[in-house]
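Subject: Structure handover

Hello,

Here is the structure for you to work with. My notes on it follow below.

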Amino acid sequence: MLGAVYTLLPVAWVLVATSKSPRELFTTFSFAPGTGLLDNLANLSAYGGGQFWLWGLNSALYAGVGAIVSTLVSAMAGYALAKFRFRGRELLFSGILAGVLVPGIVLAVPQYLLMAQLGLAGTRWSVILPVIINPFGIFLCRVFAAAAVPDDTIEAARLDGAGELRVFGAIALPMMTQGLVTVFLLQFVGIWNNFLLPFIMLSDQDKYPITLGLYTFLSKGAGDTDLYPLIIAGSAVSVIPLIALVLLLQRFWRADLLAGGLKG
Amino acid sequence: MSTDVVPASQAARTARAPRTRSTRHRARAATPWLFASPAIAFFTAFLIIPIGYALYLSFRGYRVSGGAFGRREETFVGLENYATALSDPEFVAGLGRSLIYGAIAVPSVLGLALLFALLLDHPRVPGRSFARTAIFLPYAVPGVIASLLWGFLYLPSTSPVSYVARELGGSSVDFFGYPALYFALANIALWSGVGFNMIIIYTSLRSVPTEIYEAARIDGASERQIALRIKIPLVTPALVLTGLFSVIGTLQLYSEPATLRPMSNTISSTWVPLMKIYQEAFMNDNLGGAAAASVVLALGILALSLLLLRFFQRRTFGGAA
């Protein structure tokens, strides 16, 4: 319970601080509510012509599209690795496992240069494409396909004349749903929280995701304490949807998959 | 049409799919590759090629050729970039700072996660699901925003701690000085990471058959003894995994110090290795140097991960007697 107090404290603080006018922020006790809630929210919306909400939409777009495609790609690869015996399987799997250990962020600079050569740097593609490959997601999908999809079912479907794609789409995918939700959530949160990749790739402020937007806010606000309430309000507003998402999807969340993967 | 003699059981299939057995066999062999092909394509494009490109760049650099009016030319420079990176005091100091930070952050995140997981697994604990959700919640908060939140809690003019200290007649608490800064940053990592790691450890605790605990209880073991002697050894694989991810994350520290930088002048623009790499690549236009530094960092992470795995493997399997 002490842990809960510790984790909730900053969240409580930001919610309270959102309600303060600039003057109150620096003069009253931190956890005393203020009077500027609506003003702060109105200022936030007005900043840069509603840029803040645009950042939110960008984040949702990058994380949503990236995570869905990534989950599908991982599911297909995991299914292939779990349910087929073929030459090169072990090699492929070890390669992907090694990919888990590669520190993703170190790749960002060469990825930027390659994107620049393709003329894609600075576009929305440049922040979506690199996050589609998720070696850990493939690893999890393999574990889950092996556990959740019985060989007999696949064989029976083949005998009934279903093509391989149909077997995968109509039979294996639904059986893997729970695991896929976990992979999707992990990747969604991962992309939403990613900072360095968009930081390097994007230069147009209108394409920024919310993390990068708030960061530029703070850089500008360093000498200008009037921006602080805006930053605080922005943080509060951007935390709320993620908290809602976690609470909503908690029921589907299969963390035992993560733990189970260790034994596989 | 196929002229093969087909067993009765396969006749129906052959009739529906007018292919010979050998082509069908070939199609079956290609299927897994087709399923894996998008993953392989992305893996190649965004992991293998960038790694190769980084290695290539790390051996390239600019040389001025042909005297005072010569052109700057990009050429092969051997290990020069590596020598420069490793002898650069800022880069080495950055590595040192990440290691100090990691030495504080990783054990405290794992230790606290283990403690919380064990407490949640205790048979009589009030408010279990509330506590679990609350502790997990910060996982969903981006590092940048977590740093902003804590940054304001540290900043003397907005910090509640400093406020109380001033009211009591003291002065503001300086969270951005040394060595407090390390703890301030480690605290952000702790806040963000403890819940995720706790969940992984907790679920691996739940997968242990309860009979083991009952047998231990009948033998007269206390809850604390059960936790120390049975539960902790059983969750070691989970600890190794979470430890590995924490170490990888530590050396990639970037967004937290970068976010706190405007609030404090203690954090230089090259405070951690990644900030240095970013500066070399994009401010100083020194791609070779940045690539070499990236390779050094990646090798460091790899070496540390392997060391960790080796160490725990020995403890888990070799230390049984």
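Start with chain B. Helix 6 of chain B and helix 8 of chain B are oblique to each other. Oblique here takes in angles between 115 and 145 degrees, and these two axes cross at roughly 130°. The axes come within 10 Å. Helix 6 of chain B covers residues 143–154, and helix 8 of chain B covers residues 180–206. Their crossing is right-handed.

Who makes the contact? From helix 6 of chain B come B:G143, B:A146, B:S147, B:W150 and B:Y154. Helix 8 of chain B supplies B:A184, B:N187, B:I188, B:W191 and B:S192. By class, that contact has six nonpolar and four polar residues, and no charged ones.

A word on confidence. This is a predicted model. It scores ipTM 0.75 and pTM 0.78. Chain B has a mean pLDDT of 74, with 75% of its residues at 70 or more. Of the elements of chain B, helix 4 (residues 89–121) has the highest mean pLDDT, 85. The lowest, 44, belongs to helix 1 (residues 8–16) of chain B. Over residues 1–21 of chain B, pLDDT stays under 50. For that stretch the model has 10 contacts beyond four places in sequence. Where pLDDT is low, predicted coordinates should not be read in detail.

Now chain A. An unreviewed UniProt entry places "transmembrane region" features at residues 60–82, 91–113, 125–149, 170–192 and 227–249 of chain A. I have figures for two of these spans. Residues 60–82 of chain A are 100% helix and 0% strand, with end C-alpha atoms 32 Å apart. Residues 170–192 of chain A are 96% helix and 0% strand, and there the end C-alpha atoms lie 30 Å apart.

Which way do helix 4 and helix 11 of chain A pack? Helix 4 (residues 51–83) of chain A meets helix 11 (residues 177–193) of chain A at an angle of about 140°, with the axes 8 Å apart. That makes helix 4 of chain A oblique to helix 11 of chain A. The crossing of helix 4 and helix 11 of chain A is right-handed.

On the helix 4 side of chain A, the contact residues are A:S59, A:Y62, A:A63, A:G66, A:A67, A:S70, A:T71, A:S74 and A:A75. Facing them from helix 11 of chain A are A:L180, A:V183, A:F184, A:Q187, A:F188, A:I191 and A:W192. This contact of helix 4 with helix 11 of chain A has 10 nonpolar residues, six polar and no charged.

Best wishes

Technical notes
Residues are numbered from 1 along each chain as its sequence is written. Chains are lettered from A and ligands numbered from 1 in the order in which they are written. This is a predicted model: local features need pLDDT of at least 70, side-chain atom pairs count only at pLDDT 80 or more; totals for chains, interfaces and linings use all residues. UniProt positions are given in the numbering used here, feature names are shortened, and annotations may be inferred rather than shown by experiment. Helices (H or I, at least four residues) and strands (E, at least two) are DSSP runs, numbered from the N terminus. Axes are lines fitted to C-alpha atoms, for helices over the stretch in contact, and angles run from 0 to 180 degrees between N-to-C directions. Angles under 35 degrees count as roughly parallel, over 145 as roughly antiparallel, 65 to 115 as roughly perpendicular and the rest as oblique. A crossing is left-handed if the near helix is turned anticlockwise from the far one by less than a right angle, and right-handed if clockwise. Two residues are in contact if their C-beta atoms, placed from the backbone, lie within 7 Å. Ala, Val, Leu, Ile, Met, Phe, Trp, Tyr, Cys and Pro count as nonpolar, Asp, Glu, Lys and Arg as charged, and the others, Gly among them, as polar. pLDDT is the predictor's confidence in each residue, from 0 to 100.
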